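Welcome, and thanks for taking a look at this one. Could you open the model and keep the backbone in view while you read?

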Amino acid sequence: MDIFEPPAITSSQQSLLEGHLRGVLEANKVHNLTRIDTWEDGLLLHVEDSLVGLPEIQDAPVGRYADLGTGGGFPGVPVAIMTGRETLLVDSVQKKMAAVQEIVDSLGLSASVSTYGGRIEDLAKEMPQAFAVISARALSALPSLLELAVPLLQEGGRLVCYKSQLPDNELEHARALEDKLAMRLVSERHVLLSDGVTERCIVVFKRCGEPRVKLPRRVGSAQKNPYRA
Ligand code: SAH
């Protein structure tokens with residue numbers, strides 16, 4: 001297992017990363033954005049953790065980035081700060097997205113970062129194949145993530161999944177759906193965060209061709225009733 005290697009962070013990026021976390025912890029007193037509610041835990045489990053997948057996100061084709069099920073903006077906002085990619089943060093809970101949009105505005109990031117308060121499945125109809133790279137943390141198991149992401153991805157676009165545990169059967173199940181969903185496994189990397197105990201796994205798939213099924217399915221189906229191979 002690799003140990004987390006922090007990327008080079010400029011002082012302005014550092015203050016934006018901290019400003020986002022501060023805003024989320026503040027907003028959390030009113031809205032339930034995250035169960036992590038101390039500065040120390042936030043620095044590790046939100047900010048550092050969000051940066052773990054940066055190499056994989058930077059490796060994706062140039063173009064728009066979306067973070068699906070972003071909650072308080074993790075990993076989407078830290079990734080946007082570090083990459084400068086045009087970013088869309090997506091969450092079905094509109095109150096969360098309004099609070100995150102306010103934080104983004106207050107940090108002066110609104111030229112490149114915007115929010116979508118709605119379902120991933122509905123976004124897929126509005127912006128088909130609009131993204132070069134997509135991330136998701138703590139959203140769903142891999143089979144559901146592949147199904148939710150593929151209609152949004154351009155050909156060759158990457159899905160970067162942040163997983164805390166990766167049971168063998170979850171990866172096997174996802175791989176068995178590669179042909180049906182037109183998504184292929186690219187890489188799998190296990191990382192230990194700087195506390196020396198928290199494990200993180202980054203799994204990347206890319207879109208190759210056209211799915212064999214019509215997507216998106218009805219809202220909720222991908223998560224409640226994922227495809228079996
Ligand atoms: N990525 C964040 C939040 C994870 S919680 C983090 O790691 O801290 C999962 C989030 O996904 C919730 O905020 C929930 O509202 C959102 N979500 C779940 N299913 C969704 C869907 N189909 N469309 C949009 N958002 C969804």
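The model is predicted: local features need pLDDT of at least 70, side-chain atom pairs count only at pLDDT 80 or more, and totals for chains, interfaces and linings use all residues. Residues are numbered from 1 along each chain as its sequence is written, and side-chain values use heavy atoms, with hydrogens and water left out. Helices (H or I, at least four residues) and strands (E, at least two) are DSSP runs, numbered from the N terminus.

**Cis peptide bonds**

- Phe74 and Pro75 are joined by a cis peptide bond, with omega at about 0 degrees.
- Pro75 sits in the loop that runs between strand S2 (65-68) and helix H4 (76-83).
- Leu215 and Pro216 are also linked by a cis peptide bond, and here omega is about -5 degrees.
- For Pro216, the setting is the loop between strand S8 (199-207) and helix H10 (221-224).

- Gln129, a residue other than glycine, has a positive phi near 50 degrees.
- You will find Gln129 in the loop between helix H6 (120-126) and strand S5 (131-137).
- Ala182 is not a glycine either, yet its phi is positive, at about 60 degrees.
- The loop holding Ala182 lies between helix H9 (178-181) and strand S7 (183-192).

**Accessibility of these two residues**

- Buried means under 20% relative accessible area, exposed over 50%, and partly exposed in between (1.4 Å probe, protein chains only).
- Gln129 counts as partly exposed because its relative accessibility is 36%.
- Ala182 has 5% relative accessibility, so it counts as buried.
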